[in-house]
Amino acid sequence: MMKDLFKKSLLAAGVAMMLTGCGTTEAESQEAALESQQQGLAACTDTTELEEVAEHACSHAVYGPFQNVTASPLGTPSFVDVNLPHTAYVVTLPAKTNGCGYGGAVTFTAEESGEYAFLLSRVRGLRIFQGNVEITRECRYSIPSEVCSDLRTAIIADLEAGQDYRLEFESITAANAQFTLLVEEAGHHHEE
């Protein structure tokens, strides 16, 4: 009973901290909490193909081609697409209207049905929507620095050809409000 009371107290304290504002120290601790939540996504078990995808994507993260995009604010239609293959998108998230952090969305249209890897230069992941329905992310691959020091995370999701997907990103700190995004077919063999 005492253990449950302690857990509830910790939860209440955490919620209170999140609601009190966006000071730098609080924002950093909130960012860490969100990263921990993202870590709750199961790790990918078959990493052989993902390592190949990450190595291929790494060459684009380093050498391009690059496209700079500013994501549409959350809650508004997104007309910013990230559809060009083998392209490193440098995504900038706009500040949230409540002044507490950053958030934005871009659109991706799957060319073929299958698994896609969303490779990011940050640890925080993304949420994927088709219309108002959130798509299940299959797993997360933490990219080892010896595979690619410019990319840190790959999120895998199964998508359908010809469908538009909204990719949503959030950040509490400015340090995570700009990052590199590459979208690659996860099962597709890449040539260097």
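T180 is part of strand β11, which covers residues 178-185. Keep in mind throughout that the model is predicted.

The C-alpha atoms of T180 and A88 are 6.2 Å apart in space, while 92 residues separate the two in sequence.

**The whole chain**

Zoom out and colour by secondary structure. How many helices and strands does the chain have? There are 3 helices and 11 strands. Follow the chain along its sequence and the pattern reads α-α-α-β-β-β-β-β-β-β-β-β-β-β. The chain has 192 residues, of which 41% count as buried.

**Helix α3 and its histidines**

Select residues 48-63, which make up helix α3. Within this helix, pick H56. Is H56 buried or exposed? H56 has a relative accessible area of 5% and is buried.

Show the side chains around H56. The side chain of H56 has a polar contact of 3.2 Å with that of H60. Another polar contact, of 3.0 Å, links the side chains of H56 and H86.

Move on to H86. H86 sits in the loop between β2 (72-73) and β3 (88-92). With a relative accessible area of 31%, H86 is partly exposed. Check the backbone here too: phi of H86 is near 55°, a positive value in a residue other than glycine. Most residues other than glycine have a negative phi.

Next, select G64 and P65. The peptide bond from G64 to P65 is cis, and its omega is near 5°. Most peptide bonds are trans. Where is P65 found? P65 belongs to the loop between α3 and β1, the strand of residues 66-70.

Go to A43, in the loop between α2 (24-39) and α3. A43 is exposed, with a relative accessible area of 55%. A43 and Y141 are 98 residues apart along the chain, yet 5.9 Å separates their C-alpha atoms.

**A negative patch**

Switch to a surface view and select D46, E49, E115, E138, D158 and E160. These residues form a negative surface patch. One of them, E49, is placed in helix α3. E49 has a relative accessible area of 37% and is partly exposed. Helix α3 therefore holds both E49 and the buried residue H56.

**The salt bridges**

Return to a view with side chains. Side chains of opposite charge can pair when their charged atoms come close. How many salt bridges does the structure hold? The structure holds 3 salt bridges, and each can be selected in turn.

- Select E170 and K96. These two form a salt bridge in which the closest N and O atoms are 2.4 Å apart. E170 lies in strand β10 (residues 164-171) and K96 in the loop between β3 and β4 (102-109), so the pair ties together parts that are 74 residues apart in sequence. E170 is partly exposed at 28% relative accessibility, and K96 is partly exposed with a relative accessible area of 28%.
- Select R127 and E134. Their side chains meet in a salt bridge, at 2.9 Å from N to O. R127 is partly exposed at 36% relative accessibility. E134 is also partly exposed, with a relative accessible area of 34%.
- Select E168 and R166. The side chains of this pair meet in a salt bridge, at 2.8 Å from N to O. Which side of the cut-off does E168 fall on, buried or exposed? E168 counts as buried, at 16% relative accessibility. R166, at 22%, counts as partly exposed, because buried means under 20%.

**Last stop**

To finish, display H56 and H86 together again. H56 is in helix α3, H86 is in the loop between β2 and β3, and the polar contact of 3.0 Å joins their side chains. H56 is buried, whereas H86 is partly exposed.

Conventions: Residues numbered from 1 in each chain as written. Predicted model: local features only at pLDDT ≥ 70, side-chain atom pairs only at ≥ 80, totals over all residues. Heavy atoms only, no water. Helix = DSSP H or I, 4+ residues; strand = E, 2+ residues; numbered from the N terminus. Buried < 20%, exposed > 50% of the residue type's maximum accessible area, 1.4 Å probe, protein only. Polar contact = N/O pair within 3.5 Å; in protein donor to acceptor, adjacent residues only side chain to side chain. Patch = residues over 30% accessible without salt bridge, like charges linked within 9 Å, V, L, I, M, F, W, Y side chains within 5 Å. Areas by Shrake-Rupley, 256 points an atom, 1.4 Å probe, with all protein chains shown as cover. Salt bridge = Lys/Arg side-chain N within 4 Å of Asp/Glu carboxyl O. Lys, Arg positive; Asp, Glu negative; His and termini not counted. Charge placed at Lys NZ, Arg CZ, Asp CG, Glu CD.
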